[in-house]
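Opening my notebook on this one. I wanted to look at the holes inside first, then the packing around them.

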Amino acid sequence: MPTDGREAVRLCLHIGGAWVEAASGETFDSESPATGAVLAVVPDAGREDGRRAVKAAEQARQAMAALGVEERARLCEAIAERIEGRLDEVARTLSIEQGKPLREALGEVEFAARLYRDAAGYVRCLNTGVQPSPDPRKRVLTIRQPHGVVAVITPWNYPVGIPSEYLSAALATGNAVVWKPAPTTSLVASQLLQCLLDAGLPEGACNLVFGGSEVGEEIVANPGTRAVGFTGSFPVGNAVASQAGAKPLLLELGGNGPTIILDDADLDLAVEGAAFGCFSNAGQICQSSERVLVTPRVHDNVVSGLIGKAEAIRLGHPLDEETTMGPLNNEGVARKVDEHIADAIAKGATVVAGGERAGGFPTPLYYRPSVLDQVPRGSLIDDEETFGPVAPVIAVSDLDEAIEVANSCRYGLCCSVFTGSLRNAFCAAERLECGVVNVNETAAYWDGRTPFGGYSGKASGVGRLGGAATIESMTQLKSIVLDVGA
Ligand code: NAD
């Protein structure tokens, strides 16, 4: 097995342009889920470090806001170039630290680089309206301005791509940032930040703090922070919303998105799309096909197709070229998958592939790609986000029942529908309570530009990411009213 020959590195926080230790001197380890080896010794930031980081960002915020649009756009393009220049190195770190196969890691790093280029393009043509006034003496125009300091808190499942969604738009629009990545992907976060710094980011414009809830709470609640961008789980997102109070919030939370396969679907396409949605990134995607809802005529063929796809997966070390699925990222995720599968079995589901952790690997985080049939309503898999390599098949009688099952869940992020009928496609797309519906496409498809986020009032978040939507989320609208006289 490739070990990647790494020695553990000692990381630092990045505050106000300097690499520094945590005030407490405490550290934690970032371990590879593939080997269990310690990859990095990471400063464990607390409230004091959070305060220092926000202060540094406040000091940089005027300089960032004063940069012209062309300077900000060029800065983003330079960041994209730096990321592309270190593509292999960053992708290898991502792979060994997060657990995803190198091929998927390369795709994520390329995607991240594109986000900075995109942000440059969006900000160069950011238009705002001039509005007719009921008063003939007045002229009303609007401009978009940065929030000032934005706290960005991100998860471990796409630890280069997701931060880049926020960082690219926040920096392109002239904000200063305090970023807290997930603890288990600290090393790759440090490498991403280095790309930003190498591109010539002004001192203090992006501050990096490592750690958990203590520093997270500080940077969200600190009065110096004017807006918050958070991607993570629903419970933590809820806590972040309370800490943030009335600040502008972009919350991208969990999902339990179904993939609906109707009798009139192209079955090869549907099975391919469902399997990709269930097993890509070992199922650790907010957009995963968390449930596969299947109508009677195609049920058996879908189940056998999914079994075939699960059996074709090569579970292994993420840097091994043959590997198509790596380990789960951490024990908490693996335990939740165990719990959800056991609950489904206890309530009547049948395991037709996998269904347990795989033995014979250096860590217990390798999970067999699993297919469960006859998953009952009301099971944990049906109600909650599983976030693992599981294809749970739930039988439904028709499209109406599929929509009822889909909407009965508290989440509402992304759904996918496979059908040969335009009528069914639109009927599903319009009635599903989620932010994104992919038709005849895997649930896990997202181009980074399409508006993406949770359905109002459900547990998948508030606001929209994606292209121009992220640019809007990272800015505030100001109206300027001019009295030009009679
Ligand atoms: P998590 O909620 O446990 O942690 C997310 C981040 O919040 C981490 O950096 C964590 O350290 C930090 N955090 C924890 N407690 C905090 C607090 N009290 N205040 C501030 N920050 C705090 O999520 P995770 O396990 O890292 O990621 C998986 C979750 O993220 C899944 O639910 C997944 O669906 C979701 N996710 C959503 C999207 C989306 O776009 N909607 C994308 C990717 C992941």
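**Cavities**

I began with the largest cavity, whose volume is about 90 Å³. For the record, a cavity is a set of points on a 1 Å grid over the protein atoms alone where a 1.4 Å probe fits but cannot get out, and lining residues have an atom within 4 Å of a point. Grid points are joined across faces, edges and corners, and a volume is the space filled by probe spheres set on the points.

This is a predicted model, where local features need pLDDT of at least 70 and side-chain atom pairs count only at pLDDT 80 or more, while totals for chains, interfaces and linings use all residues. Numbering runs from 1 along each chain as its sequence is written, and side-chain values use heavy atoms, with hydrogens and water left out.

I looked up the lining of the largest cavity and found Leu115, Asp118, Ala119, Tyr122, Glu165, Ser168, Ala169, Gly448, Gly466, Gly467, Thr470 and Ile471. Helix 4 gives the most, with 4 residues. Helices here are DSSP runs (H or I, at least four residues) and strands are too (E, at least two), numbered from the N terminus. By class I get 5 nonpolar, 5 polar and 2 charged residues in that lining. The classes are Ala, Val, Leu, Ile, Met, Phe, Trp, Tyr, Cys and Pro as nonpolar, Asp, Glu, Lys and Arg as charged, and the others, Gly among them, as polar.

The second largest cavity has a volume of about 70 Å³. Of its 14 lining residues, Pro258, Ala406, Tyr411, Gly412 and Cys415 lie nearest its centre.

**Cores**

Next I checked the largest nonpolar core, where Tyr116, Trp179 and Leu196 touch the most other members out of 88 residues. Helix 4 turns up again, giving the most to this core with 9 residues. A nonpolar core is a set of buried Ala, Val, Leu, Ile, Met, Phe, Trp, Tyr and Cys residues joined through side-chain atoms within 4.5 Å; buried means under 20% relative accessible area (1.4 Å probe, protein chains only).

I followed Leu196: beyond its neighbours within four places in sequence, it is in contact (heavy atoms within 4.5 Å) with Ile79, Tyr116, Leu167, Leu171, Leu201 and Cys206.

**Helix 3**

Last stop was helix 3 (residues 87–98), where 9 of the 12 residues are buried. Its buried residues pack against strand 4 (27–31), strand 5 (38–43), helix 2 (69–85), helix 4 (102–124) and helix 6 (186–198). Just after helix 3, I noted Gly99 with a positive phi of about 110°.

Terms used. Buried means under 20% relative accessible area, exposed over 50%, partly exposed in between (1.4 Å probe, protein chains only). On a 1 Å grid over the protein atoms alone, a cavity is a set of points where a 1.4 Å probe fits but cannot get out, and a pocket is an open set with protein on both sides within 12 Å along at least five of seven lines; lining residues have an atom within 4 Å of a point.
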